[in-house]
Amino acid sequence: MSLCHLVVLAAIMQVQSPETPAQRDSRMAWWREARFGMFIHWGAYAVPAGTHNGERISGIGEWIMSRAHIPIPEYEAYVHRFNPARFDADAWAHVAKDAGMKYIIITSKHHDGFAIFDSKVSRYDIVDATPYHRDALKALAQAAHRAGLRFGVYYSIMDWHHPDAQGPNFPDYNSRTYSNPNFGRYVEAYMKPQLKELLTQYPEIDVLWFDGEWIADWTDERGRDLYNYVRGIRPTLLVNNRVGHSRQGLSGLNKQGRVDLGDFGTPEQQVPPEGLPGVDWETCMTMNDTWGFKSYDDDWKDTRTLVRTLIDVASKGGNFLLNVGPTAEGVIPQPIAWRLHEMGEWLATNGEAISGTTASPYGMPAWGRYTVKQGRVYAHVFDWPKDGRLVLTGLKEKPVRAYVLADGQALTVEQADSGLVVQLPRVPPSTIAAVIVLQVGGG
Ligand code: FHN
């Protein structure tokens, strides 16, 4: 048997034989280490930016086609106006890297069916249907790679444009009940070929982030088939649990609080109250109240809230996928860019207490959170005690060494009636979250 035959046989056997826990751990390793990623919702919906025919829509901006009941031909006019002349892929990758983010997930095709990549399966894409004529997704994938970031794409199973999907179900595109008799043709002749294009023409793609799976036409059976299909093209791929049909709304998990299809759960706009032992999960969240750009949504979370959410997520063993909604011109709004820069400043000092950490077994102290690594416990102090005495709630083993992560200042730990107590300096090194390193065991 030739070497070529042996290689092909090995690839087939790798996909067909069940993955061992060690193989899965190896495939998930970079993602578990990363802990922090950038979500990008960017498409034709940024052209109306939340306003259609002079009317402001309620809710999230990328749903304007549904919220404003826009007929397909009228929405296509927005697509034909999408011309991101100020889009700079390297600048976006730099914003993500400067923020301390380790990966980028961008909408390759959202519910409106418009693709920001050059698809040969459809002309409803950025190259054929807009005056921009360039493949923005390829540019960003390559820029992310240059910046040393991992890259993935969001892909909507629900499609409001394709005639074999939810397209003709005008005006509210209410796909929870609507069923299209030709949906199987949409899956086999459109969706799978587009996904094959993404996985064969864009080598930088490491993650497929499905969405819009709640529709009546989607099933766990179709999800299992799709999972095997995309993993068969790229065995190292990571796929979220929205490839299936069992997600219980914004909890992002199934009824048992687990993940039964796909590689990680997807809580949305929320952080699970407790850690989820044995479950890989990623909370996705907006900085304001919309995923896609709306010109008038200025309800921004402050940087302290965003950093403390990242810490909370990491303390429970999850990843934080924080959203950016660029304008139709291709610009990241300044309020987003500034918050990400400030998050990056905090992570430049304290990043070791986030990346590569795992869920803390010590519970959630009233003053903040713990994250853990081999031989290290990181105490993230949100509320600096006035008397300088930090009770290490939940810890039983006295640390062999304690110090302030920001400046290395050594600290003493004593066994008091109230438990293990660290004597802190009078002034905290950060008002966002001050990190104390506790060296435990042989660490
Ligand atoms: O309907 C989408 C929404 O537009 C957005 O993409 C979020 C992000 O996870 N997912 C769906 C709502 O759950």
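## Surroundings of Leu 392

Leaving aside neighbours within four places in sequence, Leu 392 is in contact with Tyr 370, Pro 399, Val 413, Leu 420, Val 422 and Leu 438, where contact means heavy atoms within 4.5 Å. The model is predicted: local features need pLDDT of at least 70, side-chain atom pairs count only at pLDDT 80 or more, and totals for chains, interfaces and linings use all residues. Residues are numbered from 1 along each chain as its sequence is written, and side-chain values use heavy atoms, with hydrogens and water left out.

Leu 392 is placed in the loop between strand S12 (389-391) and strand S13 (401-404); helices (H or I, at least four residues) and strands (E, at least two) are DSSP runs numbered from the N terminus. With a relative accessible area of 2%, Leu 392 is buried. Buried means under 20% relative accessible area, exposed over 50%, and partly exposed in between (1.4 Å probe, protein chains only). The C-alpha atoms of Leu 392 and Pro 365 are separated by 7.8 Å, although the two residues stand 27 apart along the chain.

## Overall form

The protein chain has ten helices and 17 strands, and its C-alpha trace spans about 70 × 65 × 40 Å along the principal axes. For 443 residues, a compact globule would have a radius of gyration near 22 Å, and the 23 Å of the protein chain agrees. This radius is taken over C-alpha atoms, and the globule rule is 2.2 Å times the number of residues to the power 0.38.

Buried residues make up 58% of the 443 residues. Among contacts between residues at least 6 apart in sequence, 69% join residues at least 24 apart.

## Nonpolar cores

A nonpolar core is a set of buried Ala, Val, Leu, Ile, Met, Phe, Trp, Tyr and Cys residues joined through side-chain atoms within 4.5 Å. The largest has 111 residues, and those with the most contacts inside it are Tyr 75, Ile 106, Phe 151, Phe 210 and Leu 340. Helix H7 (residues 183-201) gives the largest share of this core, eight residues. Domain 1 (3-353) and domain 2 (368-439) both contribute residues, so the core lies between them; the domain bounds come from an automatic or database domain assignment.

A second, separate core of 21 residues includes Tyr 370, Ala 379, Val 413 and Ala 434.

## Aromatic pairs and charges over rings

The whole structure contains 21 aromatic pairs. Rings of Phe, Tyr and Trp (its six-membered ring) pair if their centres lie within 6.5 Å; planes under 30 degrees apart count as stacked, over 60 as edge-to-face and the rest as tilted. The rings of Phe 87 and Trp 92 have centres 4.7 Å apart and planes at 75°, so this pair is edge-to-face. Both Phe 87 and Trp 92 are buried. The pair of Trp 367 and Tyr 370 is also edge-to-face, because the ring centres are 5.3 Å apart and the planes stand at 85°.

Arg 56 lies over the face of Tyr 296, at 4.0 Å from the ring centre. The charged end of Arg 134 sits over the ring of Tyr 132, 4.2 Å from its centre. A charge sits over a ring if NZ of Lys or CZ of Arg is within 6 Å of the ring centre and within 35 degrees of the ring normal.
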